[in-house]
Amino acid sequence: MQFTILNLLLTLGIFTIIVVSIFLFQYRRLRDSLAGREKEMSRRMYQLSILRELGERIGYSLRIDQIVEIIAASLRRLLDYSTVSYMLISTTADGKSKIAFSINLEKPVNKLFIEDVKKTMLISINTLLEKNFKSEDLDETVSGTITDPTAEEKVGSFFNVPIVIAGEAVGILNIASVQNQRYMQKEVEILYTIMNQASDAVTKLQHVLDIEKGKLNSMVASMADGVMMIDKGKQLTVINPVAKAMLGLEKHVTIFDVLDSLSNVIDFRTKLEESIDKDRLVVAPAITLNDKVFQILITPVKDKQDVSLGAVVILHDVTKEKELEKMREDFTNMMVHELRSPLTGVRGIANLLVTDKVKNDAVKYADFVSLIQTNTEDMLGLVNDLLDVAKLDSGKFQLIKKPSDISELIQRRVASFKALADQNNLSLEAKIAPDVPGNFNFDEHKISQVLNNLISNSIKFTDPGGKVTVSAFLLPAGKDLAEKVVEQSLVWPGLKKGVNVKSEMLMIGVTDTGVGISNEKIGKLFNKFVQLESTAKSEKKGTGLGLVVSKGIIEAHQGKIGVFSEPGEGTTFYFTLPINQVINKDPNQGS
Amino acid sequence: MSKILVIEDDPAIRKAVAEGLRQDDFEVETGGDAEQGMEILGRFEPNLILLDLILPGKNGFEFLKEIKASVKLSKIPVIILSNLGDQEEVQQALKLGAEDFLIKADYNLSEVVEIIKKHLSKS
């Protein structure tokens with residue numbers, strides 16, 4: 001039994017020892033791992049705090065040298081070192097690579113120490129980039145505390161961390177100390193992590209900037225004006241497709257191509273220099289190139305610090321404006337001519353009326369007086385038309401609408417032209433449909449003016465033996481005009497199927513059997529500039545502004561005026577008037 | 001008695017000029033366009049032609065060119081009486097062989113007659 005108890009005790013003791021040892025072992029492991037974690041945690045926290053600080057201090061800077069500078073300045077809380085240095089590669093305008101070397105002395109070291117750091121960093125950067133930079137390639141900056149010639153310590157330990165942006169190594173960061181074996185794996189790792197995160201942030205920022213730049217580029221590319229950006233070195237940095245097309249250039253374009261294509265029309269280089277050097281907007285108002293007229297604006301561009309970056313050149317196509325300007329000038333010239341001609345006649349005749357020969361000849365006298373009458377009436381007509389056109393242009397054209405009888409008005413107008421038609425051996429008649437309403441609102445005087453104009457035109461342009469018909473009928477909404485014209489037993493040369501109105505309209509047409517008008521000329525009929533000029537050169541009397549004024553009158557009534565014509569067969573000038581007070585600004589009735 | 005051909009499309013000016021010249025004992029024929037002018041030249045031999053430039057159909061420049069190209073008519077002096085008067089137009093008319101270029105608004109009727117007389121006395 002004793003044996004058994006002893007045995008049991010022994011077994012228990014062994015068991016206890018095993019359990020305790022296991023427990024102790026586990027406890028130690030737990031404690032070690034806790035301590036490790038705590039260390040790890042504090043390391044992480046530190047990294048985080050540095051990163052946050054970096055984030056705040058970097059802001060949105062893309063200058064890698066500034067970022068490295070900030071990292072270097074934060075390191076003293078993390079590591080013990082003598083110097084922190086960096087080398088950064090940059091490319092100059094002429095394509096050469098340059099290395100900026102910056103060393104910050106935390107503790108006084110001698111010159112030899114600095115040379116040592118430089119040497120090890122050069123070896124490292126050459127290995128990293130597979131280049132062969134020498135110390136002459138360095139652009140050196142020394143900062144921090146003073147160098148100490150008496151100090152004798154050499155570099156005891158150091159480590160390099162590559163600086164990588166968007167997957168590309170651009171330099172290295174170096175930490176060096178006079179003490180031997182100062183840096184362990186952990187310190188190196190921390191710096192690696194910080195460096196990586198910083199370069200990540202820069203890469204992301206760069207990406208955002210690239211997107212923004214892309215947006216800007218596509219905006220410039222889609223602009224209607226030609227845009228070029230020329231930098232201070234007179235290099236072409238941006239040219240959009242419109243500018244290329246305007247200058248007649250293709251694909252890859254240099255500043256020389258631009259100067260070449262403009263060489264015959266403008267001294268572009270001088271203008272550019274004037275803009276950049278004198279810092280002012282330079283405008284070339286009208287440059288003719290490849291049958292187009294351009295306005296060229298050269299604007300100097302500066303950055304926030306007022307440093308010149310070059311110039312932006314805008315090419316603005318003013319061909320249309322110039323054409324319009326010329327039309328206006330021609331119009332004024334023709335107008336003056338049209339007034340001067342009858343005035344000269346009146347003056348000549350007035351000179352004669354005082355001579356005895358004419359005074360004593362009753363027939364001649366009467367003839368001359370009637371010429372003065374005709375001329376002054378022509379002039380008054382022109383002045384009235386011009387005034388109407390001016391009122392239309394300025395929107396001061398006013399209608400006096402009251403209930404009136406359109407059928408009666410047409411009959412009266414036709415009757416008044418009967419004598420002129422007979423004189424020209426033309427038949428003139430009115431065909432008014434019975435359903436034309438007796439009374440509705442319109443400006444009787446103005447519509448009368450339109451009818452006068454259309455009827456007198458038709459008589460003027462129809463050869464003897466021809467026919468002029470004034471017709472009026474209702475055109476219901478959606479009804480085909482060509483069908484309706486046939487139903488009314490009318491013939492409108494040039495009218496094809498497919499013309500209708502959106503709401504019921506009164507349709508009034510003046511049809512002749514004259515020479516007709518070509519499609520090309522129809523488009524110009526209602527243009528005041530073209531009209532006055534062409535009538536001045538034709539044998540037909542009249543200002544040619546009548547149609548322009550008529551168009552204004554009809555449009556003021558919310559109606560539409562237009563032409564159907566077939567060369568050789570005849571022409572119909574028509575206009576519509578809304579009869580049930582429905583305002584329809586765009587009756588779909590093109591011809 | 002000198003004979004004058006007036007080509008002018010404006011009836012008032014045409015009549016006034018013709019009457020003014022007749023009062024000074026000129027024999028005058030008038031035409032409203034280049035075509036009528038040529039037709040008159042077939043039967044009437046003027047000592048001088050007074051020509052407007054803006055004419056319906058063929059313009060005054062073309063008419064002048066035709067006259068100066070004709071062996072029979074090229075010797076007749078031509079005076080332009082026009083509303084035009086740009087340097088360019090004056091140069092063109094003189095180059096084509098016109099004796100003088102008068103702008104309508106600048107001369108009254110009696111002055112035009114005096115200038116015609118002066119040119120006739122020269123030739």
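This presentation covers an interface, a sheet and the nonpolar cores of a predicted model.

I begin with the two chains. In the predicted model, 21 residues of chain A are in contact with 18 residues of chain B. On the chain A side, the elements that contribute two or more residues are α8 (319–353), α9 (356–359) and α10 (362–394). Of these, α8(A) gives the most, with 12 residues. By residue class, the chain A side divides into 7 nonpolar, 9 polar and 5 charged residues.

I turn next to a sheet in chain A. Five strands form an open sheet with mixed pairing, in the order β12-β14-β15-β17-β16. The edges are taken by β12 (427–432) and β16 (561–566) of chain A; each has a single partner strand, so one side of each is left without a neighbour in the sheet. From one strand to the next, the twist averages 15 degrees.

The largest core has 43 residues, and V450(A), I455(A), V468(A) and M507(A) touch the most other members. Among the elements that give this core two or more residues are β14, β15, β16 and β17 of chain A, as well as α12 (444–460). The largest share, 6 residues, comes from α12(A). Beyond its neighbours within four places in sequence, M507(A) is in contact with F473(A), L475(A), Y574(A) and T576(A). A second, separate core comprises 37 residues, including I89(A), F101(A), L122(A) and F158(A).

Methods:
Residues numbered from 1 in each chain as written. Chains lettered and ligands numbered in written order. Predicted model: local features only at pLDDT ≥ 70, side-chain atom pairs only at ≥ 80, totals over all residues. Contact = placed C-beta atoms within 7 Å. Helix = DSSP H or I, 4+ residues; strand = E, 2+ residues; numbered from the N terminus. Nonpolar A, V, L, I, M, F, W, Y, C, P; charged D, E, K, R; others polar. Pairing = 2+ DSSP bridges. Axes fitted to C-alpha atoms, helices over the stretch in contact; angles between N-to-C directions. Core = buried A, V, L, I, M, F, W, Y, C linked by C-beta atoms within 7 Å. Buried ≥ 20, exposed ≤ 12 C-beta atoms within 10 Å, placed from the backbone.
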